[in-house]
Every structure is written in C-alpha cells, then in structure tokens.
Amino acid sequence: MPTPSLAALPIRRLTPRDRTACADLSEDRGWPREEHKWQFLLTAGKGYGIDDPAGGLVSACVVTDYGPRDRPDLGAIGMVLVAERHARQGVGRRLMRHVVSLMGTTPLTLHATPNGQGLYEEIGFKVTGRAEMLRGHFRAGAAGSSVATRAATAEDLSAIVRLDEEVFGTDRTHIITRLPAFTDRLRVAEDNGRLIGYAGAWPNMDTQVVGPLVARDTETAKALIASLATHTDRPLRTDIDVRHEELLGWAKEHGLVSVAFNSVMTYGISELPGDWTRRFAPVTVAAG
C-alpha cells in the first residue's frame, strides 16, 4: 500500500516540457534516457505523472490514443516508471488504476516486461501475444531483394496513412504525420506503383530502432529492414511479433541477436484490431 505521503501526492498531466524529468526518471531505473522518444510520446500522446516534493518525478507513464479524438478506438500505455526510492510502495499501481479509470470504456494495450506483468494482470490486463527484441549490427546478404524500396516523400504520406489504418485497424494519422521529423529514415516499398509497405528508423541512444514496420509479406519486410540498415553504422534494434518466425530467423542470420521478450497485453478486448500478418514491428513498444 502507498504511504500516506505518497498517496496524497496529486497525479497531473505531463507536457513536452517534462521531457528532461522523464529522462531522469528513466535513468534512475537503469533505463536509457531516451529523450528523443520521450519528446515524441509526450507530443503525440498524453503523459501522466506524480511530482516529488524533493524534486523530479515519483512516477510517470504515457498513453497514446488511436481513432477519433472524442472516442478513441484504442489506447496504448507505455513508459510506466517509478523512481527507485519510491519503488514497491504501490505508486505504479495507483498511477495505472488512475489511467485505466480515465480511459473509461476505451480498450487498452501495453507491452509488459516480465517484472511488470504481474501488476498489469492484477489490474485486469490479459496476455494476448509476445514480441521479441532483437539488437545487433546488420550484415547484408549477397543476394539482393526483388522488392523495390525507396525513400518516402511528402506525397507518400496520405498513402502511408491509408495503409497503416488498414493494417493497424484504427486511424493513426497523428503518429504517421510525425514520422518524417521523428525518424532518420522513412522508406516505402512498392509493387507496380502501389504502396505495399513502409518502415522507419529512428535514433535511440547508440542504436537505430526499426519501427514502425508494416509490410505486405515477409519478403517486403526483409527488403525494408535491409534498405534501412544500409544508411547507418549503428546497431539496429527492433521488436518483432513472435508469430513472424521467418522474419525473426532471417534477422538473426543477418547479425541481430535476441535481447528480451515482452508480453503484449490487452484490457477490454481479447486481441488487437487490424491485420497482424502485415504488422511486423511497432514504432515503439511504448506506443503499442
């Protein structure tokens, strides 16, 4: 149970001005600072946190809504953190219950680490899938791909939004339109002039994260990853749905290694909307 002093501290909305405090909180728990990601999430989504009277944040999390603004189809919860000095006092539980209450009847999803899964199950989330995190220097193969890829342009955004909504099962325009500024590289795959996939790579500390990754099939996903890898000397990192066994095997053959597994959990729905067969990796697990 929270101590009386912690229980009395108000939960407030965070803004992009809280990015540094959020990064400090990440660092306090042994996570990378990830200021670039925090800025993206606090701009595209809604942050919630508890201020520490001694300075900094006691706890924080971010919720990213998808679908109509006044009645979202889905909310993704991520970056749930509690300062080490306030850990194991019920703060994370209080913040999560607050967010779930605020979201009302909106279905929710999150990616849970093994350490956090028990708390989310206690609140009512169910495990509905798994994602495998891969990391490493990508080694290009000798054979090229028959799938054509190129750098995305401003003219591609409307087609990317349409494809993404079809695959994801709800409108994510506010995420897609931020990708050109958030990512270092944004590429599309085409077949006879028709968009069949897209992927981004964005900087995160010493790695390039590949995500989102949406593709017609595994060969298209491979081509997009390979094309992104040619533009960086940094290790790649990505989180792939474990049902995409062929892509996972291919990525490991090309230098990426398994780092961790996260559980995909949902609340209020038995499975995520959309077409998982074309949804290979999220923009970030924090945004679902």
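## Thr232 and the protein around it

Thr232 sits in the loop that links α9 (218-229) to β11 (236-241). Helices (H or I, at least four residues) and strands (E, at least two) are DSSP runs, numbered from the N terminus. This is a predicted model, where local features need pLDDT of at least 70, side-chain atom pairs count only at pLDDT 80 or more, and totals for chains, interfaces and linings use all residues. Residues are numbered from 1 along each chain as its sequence is written, and side-chain values use heavy atoms, with hydrogens and water left out.

Is Thr232 buried or exposed? Thr232 is buried, because its relative accessible area is 19% and buried means under 20% (1.4 Å probe, protein chains only). Its side chain reaches the backbone nitrogen of Arg234 at 3.0 Å. A polar contact is a pair of N or O atoms within 3.5 Å; within protein, one must be able to donate a hydrogen and the other to accept it, and residues adjacent in sequence count only if both atoms are side-chain atoms.

Now the whole protein. It has 10 helices and 13 strands. Of its 288 residues, 53% are buried. Contacts (heavy atoms within 4.5 Å) with a separation of 6 or more are 72% between residues 24 or more positions apart.

| Property of the protein | Value |
|---|---|
| C-alpha trace along principal axes | about 65 × 35 × 30 Å |
| Radius of gyration, over C-alpha atoms | 19 Å |

For 288 residues, a compact globule would have a radius of gyration near 19 Å, so the protein agrees. That rule is 2.2 Å times the number of residues to the power 0.38.

Note on methods: Buried means under 20% relative accessible area, exposed over 50%, partly exposed in between (1.4 Å probe, protein chains only).
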